[in-house]
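Please keep the sequence and the coordinates at hand while reading.

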Amino acid sequence: MSALKNYFDKIKPNFEQGGKLHALKSLYDGFESFLFVPNTTSASGASIHDAFDSKRMMSFVVIALLPALLFGMYNVGYQNYAAANALEGASFWALFGFGFLAVLPKILVSYIVGLGIEFAWAQWKGEEIQEGYLVTGIIIPMIIPVTTPLWILALACAFSVIFCKEIFGGTGMNIFNVAIGARMFLFFSYPKAMTGDTVWIARESIFGLGNTLPDGFTMATPLAHIAQGTPVDTSICNMITGLMPGSIGETSVIAIAIGALILLFTGIASWKTMLSVFVGGSVMGAIFHATGATPIAWWEQLILGGFCFGAVFMATDPVTSARTETGKWIYGFLIGVMAVLIRVKNPGYPEGMMLAIFFGNMIAPLIDYCVVECNISKRAKRTKATE
């Protein structure tokens, strides 16, 4: 690494003011700050005076996402071979290899389009390249069906980066979670590619791996079965391990739990927000189950669909979630409640987690404002009482 650092130091003058590559300064700064810990820190103000910058934090989030991503790749292959009744003769590497080849193009498209726009935007404004898309770029492919066309994914990435992030000022200034913006764009613009029974199983073999399935092949998710009023044929074991149809990275509770532990251990995610989402979902699920509105037990609401993934990786986004300590409890609880409410009361939208987080992002500033005003009012009353 020292040799690489020396090389970067050697070419740095070319990118500074007056250098022949000055126009690409943002590009140089982005690569340098990603590869090496910054050697400058804030000298004053309410800042953390150490080397743990936001790029390092984003790297930890990516690490936390890897278990769910890797399992998702395996599950893509598993579902394809299971649909072809070919599991018995398939090895682990055949299943994982097929899933890897099916998912990798989506990750590449997400990063190429998203980072390409961020690089161009930074150059245009003469600013440093921001690091937020490091996480967003891997989350977007994880929350979509494996059959999503690449051109549609490219449009969603471009839309979310431009309209959910850059127009608000970039990383740290956006109101809505960028990955949620991409998911919402996909769902409302191309619903046939995002819902229904034909989008969850990869149907074409890749480089000799996998099986080519009939064009009319269908496979519903457990939530879709419930919305259609048909029995769920997925075991509790498969619900927890994730061996069931669903978005690429959202099915495995175990893999997501590993990621949650990493986020909590490193202090990146708020345990208050995370826990309150599950509490809200549990309360709403218990109420609906007790009143006969849904056959799903409250705990099944938590392990089906994207509930766990949303609670762990998206509701806890420090930029778009509530920031006051009391507000985190309220924000998370409302997301959990809304997710189950949308699932049960809107059969046309069986997965309510992403929409719930979108609404939660929308009201998070209001929640913080009310909490702060309430605290100010209480302190004013205490001051008057002591006068």
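## Backbone, charges and surface patches

Asparagine 85 is exposed, with a relative accessible area of 72%, where buried stands for under 20% relative accessible area, exposed for over 50%, and partly exposed for what lies in between (1.4 Å probe, protein chains only). The model is a predicted one, in which local features need pLDDT of at least 70 and side-chain atom pairs count only at pLDDT 80 or more, while totals for chains, interfaces and linings use all residues. Residues are numbered from 1 along each chain as its sequence is written, and side-chain values use heavy atoms, with hydrogens and water left out.

Asparagine 85 sits in the loop between helix H3 (54–83) and helix H4 (92–125), helices being DSSP runs of H or I with at least four residues, and strands runs of E with at least two, numbered from the N terminus. Although asparagine 85 is not a glycine, its phi is positive, at about 55°. Most residues other than glycine have a negative phi. Phenylalanine 207 likewise has a positive phi, of about 50°, without being a glycine; this residue belongs to the loop between helix H8 (191–194) and helix H9 (222–227) and is exposed, with a relative accessible area of 78%.

Turning to charge pairs, a salt bridge is taken as a side-chain nitrogen of Lys or Arg within 4 Å of a carboxyl oxygen of Asp or Glu, and by this rule there are four salt bridges.

Lysine 328 and glutamate 325, by contrast, both lie in helix H15, three residues apart, or about one turn of the helix. Lys272, Glu325 and Lys328 are thus linked in a network of salt bridges, within which glutamate 325 is partly exposed at 40% relative accessible area, whereas lysine 272 is buried at 18% and lysine 328 is buried at 14%.

Aspartate 317, in the loop between helix H14 (307–314) and helix H15 (325–345), is buried yet has no salt bridge, and the nearest side chain of opposite charge, arginine 323, is 7.6 Å away. The aspartate 317 side chain does make a polar contact with the side chain of threonine 320, at 3.0 Å.

Which residues make the nonpolar surface patch of about 810 Å²? They are Leu264, Trp271, Leu275, Val279, Val283, Ile287, Trp329, Ile330, Phe333 and Leu334. Helix H12 (271–290) and H15 are the elements that give two or more residues to the patch, and H12 gives the most, with five. Valine 283, placed in helix H12, is partly exposed at 37% relative accessibility.

A patch of positive charge on the surface gathers Lys378, Arg379, Lys381, Arg382 and Lys384. Patches are built from residues with over 30% relative accessible area and no salt bridge, joining like charges within 9 Å and nonpolar side chains (Val, Leu, Ile, Met, Phe, Trp, Tyr) within 5 Å. Lysine 381 lies in helix H16 (residues 353–386) and is exposed, with a relative accessible area of 59%.

Methods
Areas by Shrake-Rupley, 256 points an atom, 1.4 Å probe, with all protein chains shown as cover. Lys, Arg positive; Asp, Glu negative; His and termini not counted. Charge placed at Lys NZ, Arg CZ, Asp CG, Glu CD. Polar contact = N/O pair within 3.5 Å; in protein donor to acceptor, adjacent residues only side chain to side chain.
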